[in-house]
Amino acid sequence: MARGNGEVNKQAGAETRERLIEAAAETVRTEGYAGASARAIAKAAGVNSALIFYHFGGVDPLLLAALDRASEQRID
């Protein structure tokens, strides 16, 4: 059965969120907190920086999501 556009868009959104979280973590590791700008993170993720604000509302909530992910991985 073929996927509808809504399902495809939902999957693409989830993939973008994952890329942004991974890119945020990598940017903090390589550039430090001060270097973790929307532009730097978006460049590392290969996306437009507006997507940070669309998916997370800003850089700080994205960095918190990356921190939460790292904490979850350490606990596991």
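T27 sits in helix α1; helices (H or I, at least four residues) and strands (E, at least two) are DSSP runs, numbered from the N terminus. The model is predicted: local features need pLDDT of at least 70, side-chain atom pairs count only at pLDDT 80 or more, and totals for chains, interfaces and linings use all residues. Residues are numbered from 1 along each chain as its sequence is written, and side-chain values use heavy atoms, with hydrogens and water left out. The protein has four helices and zero strands.

**Overall architecture**

- From the N terminus on, the order of elements is α-α-α-α.
- Along the principal axes, the C-alpha atoms fill a box of roughly 45 × 30 × 20 Å.
- Of the 76 residues in the protein, 29% are buried (buried means under 20% relative accessible area, exposed over 50%, partly exposed in between, with a 1.4 Å probe and protein chains only).
- Contact means heavy atoms within 4.5 Å. Among contacts with a separation of 6 or more, 48% join residues 24 or more positions apart.

**T27 and its surroundings**

- T27 is buried, at a relative accessible area of 5%.
- Leaving out residues up to four places away in sequence, T27 touches G32, G35, A36, A40, I41 and A44.
- G35 lies in the loop between α1 and α2. G35 is partly exposed, with a relative accessible area of 23%.
- With residues up to four places away in sequence not counted, G35 touches T27 and A40.

**T16, also placed in α1**

- T16 belongs to helix α1. T16 is buried, and its relative accessible area is 14%.
- T16 touches L51 and H55, again not counting residues up to four places away in sequence.

**How α1 meets α2**

- Two packed helices are described by the angle between their axes and the distance between the axes.
- For α1 and α2, the angle is about 120 degrees and the axes are 8 Å apart (axes are lines fitted to C-alpha atoms, for helices over the stretch in contact, and angles run from 0 to 180 degrees between N-to-C directions).
- On the α1 side, the contact uses R19, L20, A23, A24 and T27; on the α2 side, A40, I41, A44 and A45.
- These contact residues split into seven nonpolar, one polar and one charged. Ala, Val, Leu, Ile, Met, Phe, Trp, Tyr, Cys and Pro count as nonpolar, Asp, Glu, Lys and Arg as charged, and the others, Gly among them, as polar.

**The nonpolar core**

- A nonpolar core is a set of buried Ala, Val, Leu, Ile, Met, Phe, Trp, Tyr and Cys residues joined through side-chain atoms within 4.5 Å.
- The largest nonpolar core has 17 residues, of which L20, I41, I52 and L62 touch the most other members.
- At least two residues of this core come from each of α1 (5-31), α2 (38-45), α3 (50-56) and α4 (59-75). The biggest share is from α4, with five residues.
- I41 touches L20, A23, A24, T27, A36, I52, V59, L62 and L63, with residues up to four places away in sequence left out.
- In soluble globular proteins, nonpolar side chains tend to be buried together.

**Annotations from UniProt**

- UniProt lists "domain: HTH tetR-type" (unreviewed entry) at residues 14-74. UniProt positions are given in the numbering used here, feature names are shortened, and annotations may be inferred rather than shown by experiment.
- Residues 14-74 are 80% helix and 0% strand, with end C-alpha atoms 22 Å apart.
- The feature "DNA-binding region" (unreviewed entry) is placed by UniProt at residues 37-56.
- Residues 37-56 are 75% helix and 0% strand, and the end C-alpha atoms lie 14 Å apart.
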